[in-house]
Amino acid sequence: MTIAEVSRKFDISADTLRYYEKIGLLPPVPRNKNGIRNYDEESCGWIELMKCMRAAGVQIEALIEYVALYRQGDETLEARKELLMAQRRQLAARMEDMQRSLERLDYKIELYEQGRMHRKPSPAQEP
């Protein structure tokens, strides 16, 4: 697939794809005889993984480290697993924080829906 096709497929700009490859967020993309990127199934799998991980808030540095470890081969299997487990723990903690925030917002919205919010709320309603 060309960079334009991949860009459309994953809704990510060609510039971003080039940047991701340049900084090591993606392994080198295969190229045709003219040196033009020719994204294969494996390349697309990496893009999909990185897009998912970035959407979840995983830090670019951790993903670059993961790709670097992957490129070193099977002797890094345990290190890659540990890196992913650490990222999972961080994501789970962020999700817990977000859940608490969501519950707080739901509480506040419920107060408005019940007509219990006023210009100067009672101490039981705030913060």
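**Aromatic cluster, helix packing and cysteines in a predicted model**

Trp46, Tyr66 and Tyr70 form one aromatic cluster. The model is predicted, with local features requiring pLDDT of at least 70 and side-chain atom pairs counted only at pLDDT 80 or more, whereas totals for chains, interfaces and linings use all residues. Residues are numbered from 1 along each chain as its sequence is written, and side-chain values use heavy atoms, with hydrogens and water left out.

In total, the structure holds 3 aromatic pairs (rings of Phe, Tyr and Trp, the last represented by its six-membered ring, with centres within 6.5 Å; planes under 30 degrees apart count as stacked, over 60 as edge-to-face and the rest as tilted). One of these joins Tyr19 and Tyr20 in a tilted arrangement, at 6.4 Å centre to centre and with 45 degrees between the planes. Tyr19 is partly exposed, its relative accessible area being 45%, while Tyr20 counts as buried at 13% relative accessibility (buried denotes under 20% relative accessible area, exposed over 50%, and partly exposed the range in between, for a 1.4 Å probe and protein chains only). A further pair, Trp46 and Tyr70, is edge-to-face, with 4.8 Å between centres and 65 degrees between the planes. This pair links distant parts of the chain, since Trp46 belongs to helix α3 (residues 41-55) and Tyr70 to helix α4 (residues 60-72), 24 residues apart (helices are DSSP runs of H or I with at least four residues, strands are runs of E with at least two, and both are numbered from the N terminus). Trp46 counts as buried at 9% relative accessibility, and Tyr70 as partly exposed at 31%.

Ile3, Val6 and Ser7 of α1 make the contact with Ala14, Leu17 and Arg18 of α2 (contact means heavy atoms within 4.5 Å). By class, this contact comprises 4 nonpolar, 1 polar and 1 charged residues (Ala, Val, Leu, Ile, Met, Phe, Trp, Tyr, Cys and Pro count as nonpolar, Asp, Glu, Lys and Arg as charged, and the others, Gly among them, as polar).

Val6, located in helix α1, is buried, with a relative accessible area of 0%. Apart from neighbours within four places in sequence, Val6 contacts Met1, Leu17, Tyr39, Cys44 and Ile47. The C-alpha atoms of Val6 and Glu103, 97 residues apart along the chain, are separated by 38 Å. In the loop between α1 and α2 lies Asp11, whose phi is near 50 degrees, a positive value in a residue other than glycine. Asp11 counts as exposed, at 68% relative accessibility.

The structure holds 0 disulfides (pairs of cysteine sulfur atoms within 2.5 Å). Cys44 is in no disulfide, the nearest cysteine sulfur, that of Cys52, being 15 Å away; this distance is too far for a bond. Cys44 is buried, with a relative accessible area of 7%, whereas Cys52 is partly exposed, with a value of 45%.
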